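Reader: I'm new to this one. Can you walk me through it?

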Amino acid sequence: MIKIGDLSLGEFPLLLAPMEDVSDPPFRAVCKANGADLMYTEFISSEGLIRDAAKSVQKLDIYEYERPVGIQIFGNEIASMREAAAIAEAAGPDILDINYGCPVNKVACKGAGAGILLDIDKMVSMTAEIVKAVSIPVTVKTRLGWDEHTIRIEEVTERLQDVGIQAISIHARTRKQMYKGEANWDYLAAVKRNPRITIPVFGNGDVDSPQKAKLYKEKYGVDGIMIGRAAIGYPWIFNEINHFLKTGELLEGPDLEERVKVAKRHLDFSVEWKGEKLGLLEMRRHYTNYFRGLPHFKPYRTALVTTDDYQSVCEILDEVSRVFAGAEF
């Protein structure tokens, strides 16, 4: 049984990765309904939280049905991160997560996210202060290093464990790689073999099928897997992986009716939570994956990502159901 503090997550938990402009409550809702064991919010700026910025504060929204859930924060100032951690804890999450892995320039080049991998001492000091600032379990998501010359992930994990984190998720790429090239999970296996490291270690990067999840579980010995991009528009991946790990059998993928139903549920929650204009806009990134493999879908995808009226989008989805009835993916 894998545990983070007193939180039991099952024998091999599947985590939904925190993804900016993706891992919002509507998306988390459909992932939870399809087997995700632990989810994290989009990353939230510490400076935004302490200044009460509306966009940052809205990201604190969590719902009872999605528990267990963690709130993730990022920043480069220790005092601000400590204060933001307390604000996040007051929102009632089960876990507080620190983002030490975001590779984008506007974050990493300011010393936050993966940028802190260039200053491990500061990373450890910041983590220690955050652990002291809250009473809930603190976890970390990070990368192997800044580049291939600065990979110190075993040392980082040891030192963060020593100051009190209760789990770590490691994206098996460097910041320099961004999301390109192959993730190198050999480093994660080394972390798991290290006798000093006793906290759960979750692997992230390139897992996009039940077969790969099983292979990585057995080959690298991680305690669970964090799924990111593979879940966008395809929340069924969690149930498919769980079923394959338990039975060795592949579940049949969702048919058209199921895809339309879940896309509509996602859309409804998105509009309810963000309002019609923003809810419609932010759903657009998901349609391609919801209907990936559907032949001759391009005109409908174009209509879905250009229509700015909720009722019209629903009508397009209904038309997709009629036109492609019985289609195979």
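Reader: Which hand does the crossing of H4 and H6 have?

Author: The crossing of H4 and H6 is right-handed. That term is used if the near helix is turned clockwise from the far one by less than a right angle, and left-handed if anticlockwise. Helices (H or I, at least four residues) and strands (E, at least two) are DSSP runs, numbered from the N terminus. This is a predicted model: local features need pLDDT of at least 70, side-chain atom pairs count only at pLDDT 80 or more, and totals for chains, interfaces and linings use all residues. Residues are numbered from 1 along each chain as its sequence is written, and side-chain values use heavy atoms, with hydrogens and water left out.

Reader: At what angle do H4 and H6 pack?

Author: About 35°, with the axes of H4 and H6 9 Å apart. Axes are lines fitted to C-alpha atoms, for helices over the stretch in contact, and angles run from 0 to 180 degrees between N-to-C directions.

Reader: Which residues make the contact?

Author: H4 brings Ile78, Met81, Arg82, Ala85 and Glu89. H6 brings Lys122, Ser125, Met126, Glu129, Ile130 and Ala133. Contact means heavy atoms within 4.5 Å. The residues of this H4 and H6 contact divide into six nonpolar, one polar and four charged. Here Ala, Val, Leu, Ile, Met, Phe, Trp, Tyr, Cys and Pro count as nonpolar, Asp, Glu, Lys and Arg as charged, and the others, Gly among them, as polar.

Reader: New topic. How do H12 and H13 cross?

Author: Helix H12 (residues 276-290) and helix H13 (residues 298-306) have axes that come within 9 Å and cross at roughly 165°. H12 and H13 are therefore roughly antiparallel. The cut-offs are under 35 degrees for roughly parallel, over 145 for roughly antiparallel, 65 to 115 for roughly perpendicular, and oblique for the rest.

Reader: Who meets whom there?

Author: Arg284, Tyr287 and Thr288 of H12 meet Arg301, Leu304, Val305 and Thr306 of H13. That contact has three nonpolar, two polar and two charged residues.

Reader: What about the loop between H12 and H13?

Author: His296 lies in that loop. Its phi is positive, near 60°, and His296 is not a glycine. Most residues other than glycine have a negative phi, and most peptide bonds are trans. His296 is exposed, with 73% relative accessible area.

Reader: Where is the cis peptide bond?

Author: The cis bond joins Arg67 and Pro68, with omega about 0°. Pro68 sits in the loop between helix H3 (54-58) and strand E5 (69-74).

Reader: Now the largest nonpolar core. Which residues touch the most other members?

Author: Trp185 and Phe291, out of 99 residues. Helix H11 (residues 256-274) gives the largest share, six residues. A nonpolar core is a set of buried Ala, Val, Leu, Ile, Met, Phe, Trp, Tyr and Cys residues joined through side-chain atoms within 4.5 Å.

Reader: What does Phe291 touch?

Author: Not counting residues up to four places away in sequence, Phe291 touches Leu256, Arg259, Val260, Ala263, Phe297, Leu317, Val320 and Phe329.

Notes
Buried means under 20% relative accessible area, exposed over 50%, partly exposed in between (1.4 Å probe, protein chains only).
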